[in-house]
Amino acid sequence: MTLEIEVDRELNFIKYNLIKKSKLIKSIYCDSPELVWNCNCHVDRNKYSVLPCYIHSNLDADFLSVYGNKTLISYSGVKVIWLKSENTRPSIDSFLLLQFTLKWLKTHKIISVLDFACGSGMIGICLKKMFPFIKIDFYDRDKKELKSSYDNYLINSLEKKSAHFYEISSFEKKKYDFIISNPPYLPYNLLNYTSEEFKKSSVFNQNMEHEFFNLINQTKYCLFNISSINRITEKILARKFGRFKIVYNYSVPLRIPALFTENNSFILEEMVKLKLIIPVKNSYHPFYHLINGFLFY
Ligand SMILES: C[S@@+](CC[C@H](N)C(=O)[O-])C[C@H]1O[C@@H](n2cnc3c(N)ncnc32)[C@H](O)[C@@H]1O
């Protein structure tokens, strides 16, 4: 059995399709994309929210037995494989970035593109599929992630020679028209207590900062997500590189399981006071934060 998570191009809905031998067995439809990831269902929710999680109360044992075990995630006709044990999955923030970029690229003359911190490769693969004339490169410092973008590139019937996959930052010597990234954007100072695994994919690290600064300097356009929780990075980037604008901002569910699981209500309350996160009453997700799309030019 395979689970396919189908994300609507305009993010109006998400479907969970259970497939057996190419036949659709059952399907669950969610009319709000925010419901798809990290419901934090596993933690004690009583303090913040009493609603049952829509997904976990609707997905039955069949769905849950295959979830994360070679799950297919599809967006705009592109499919990527997500293996829970191996790689990070594209998330609501990846799709917000893509939704903006697919429109933005129609009015900008862009040939060479780098998907920086590519993970599954969903972003770069979608761009190549929609705009076949672009020259796309992928970079992730994690070998497993890079391998997954390579595999996903091929399963989407793209020619393997039509892209480069960089495991180390040798692309730094190249010049791109456009760098797109949904980087690990959470602040490192806040997240000292989270697992190494989580840090690797979610915390904006010093390496990243160094590489980013070099890249922004030599690139025509750079677009990436930063969370309102990460005000420090926002400020550094804004100060160093005057020419930027915020091209979108959306509230999205907070995806930091450690904040929920380790009795960190003090930290959560501090974050609420600082207006870094917004508590959402009567929601499946108790907290939201703001994702800003920064375009440097
Ligand atoms: C939040 S995931 C995003 C993956 C993908 N862009 C997406 O939207 O689905 C962040 C990715 O950044 C990678 N990463 C973390 N630090 C990095 C660094 N210094 N340089 C390059 N990639 C990095 C991680 O391995 C992970 O794949």
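Mentor: Start with a pair of residues. Tyr16 has Ile28 in β3 as its bridge partner. Keep in mind that the model is predicted.

Trainee: What makes strand β2 and β3 a pair?

Mentor: Pairing needs at least two bridges. Strand β2 (residues 14-20) and β3 have 7 bridges, in the antiparallel sense. So they pair, given the cut-off of at least two bridges.

Trainee: Why is Lys21 called exposed?

Mentor: Count the C-beta atoms. Lys21 has 7, so it is exposed.

Trainee: Where is Ala117, and is it buried or exposed?

Mentor: Ala117 lies in the loop between β6 (112-116) and α4. The cut-off for buried is 20 or more other C-beta atoms within 10 Å. Ala117 has 25, so it is buried. Ala117 also has a positive phi, about 65°, and is not a glycine.

Trainee: How do you know that β3 is hardly covered?

Mentor: Among the 8 residues of β3, the count of buried residues is 0.

Trainee: What makes β3 an edge strand?

Mentor: Look at the order in the open sheet of 5 strands: β3-β2-β1-β4-β5, with mixed pairing. β3 (23-30) and β5 (78-82) each have a single partner strand, so one side of each has no neighbour in the sheet. On average, neighbouring strands here are turned by 20° against each other, direction ignored.

Trainee: Which strands of this sheet pair in the parallel sense over 4 bridges?

Mentor: Strand β1 (residues 2-7) and strand β4 (residues 71-75) do. Glu4 has Leu72 in β4 as its bridge partner.

Trainee: Which helix packs on the sheet?

Mentor: Helix α4 (residues 122-130) does, touching β4 and β5. The direction of α4 makes about 160° with that of β5.

Trainee: Now α3. Why is Leu97 called buried?

Mentor: Leu97 is found in helix α3 (residues 92-104). The cut-off is 20 or more C-beta neighbours. Leu97 has 22 inside 10 Å, so it counts as buried. Other residues of α3 are buried as well, including Ile92, Phe95 and Leu98.

Trainee: What does Leu97 touch?

Mentor: Leaving out residues up to four places away in sequence, Leu97 touches Ile123, Ile180, Asn182, Asn225 and Gly293. Take Asn225. It is 128 residues from Leu97 along the chain, but their C-alpha atoms are separated by 7.3 Å. Across the chain, among contacts with a separation of 6 or more, 68% join residues 24 or more positions apart.

Trainee: Which residue is the bridge partner of Asn225?

Mentor: Gly293 in β13. Strand β10 (residues 221-227) and strand β13 (residues 287-296) pair in the antiparallel sense over 6 bridges.

Trainee: Which residues have the most contacts inside the largest nonpolar core?

Mentor: Tyr75, Ile123, Cys126, Ile179 and Ile180, in a core of 62 residues. Domain 1 (1-67) and domain 2 (88-296) each give this core at least three residues. Ile179 touches Leu114, Phe116, Leu215, Thr219 and Cys222, not counting residues up to four places away in sequence.

Trainee: And the chain as a whole?

Mentor: The chain has 297 residues, 35% of them buried. Its secondary structure comes to 10 helices and 13 strands.

Terms used: Residues numbered from 1 in each chain as written. Predicted model: local features only at pLDDT ≥ 70, side-chain atom pairs only at ≥ 80, totals over all residues. Core = buried A, V, L, I, M, F, W, Y, C linked by C-beta atoms within 7 Å. Buried ≥ 20, exposed ≤ 12 C-beta atoms within 10 Å, placed from the backbone. Domains from an automatic or database assignment. Contact = placed C-beta atoms within 7 Å. Helix = DSSP H or I, 4+ residues; strand = E, 2+ residues; numbered from the N terminus. Axes fitted to C-alpha atoms, helices over the stretch in contact; angles between N-to-C directions.
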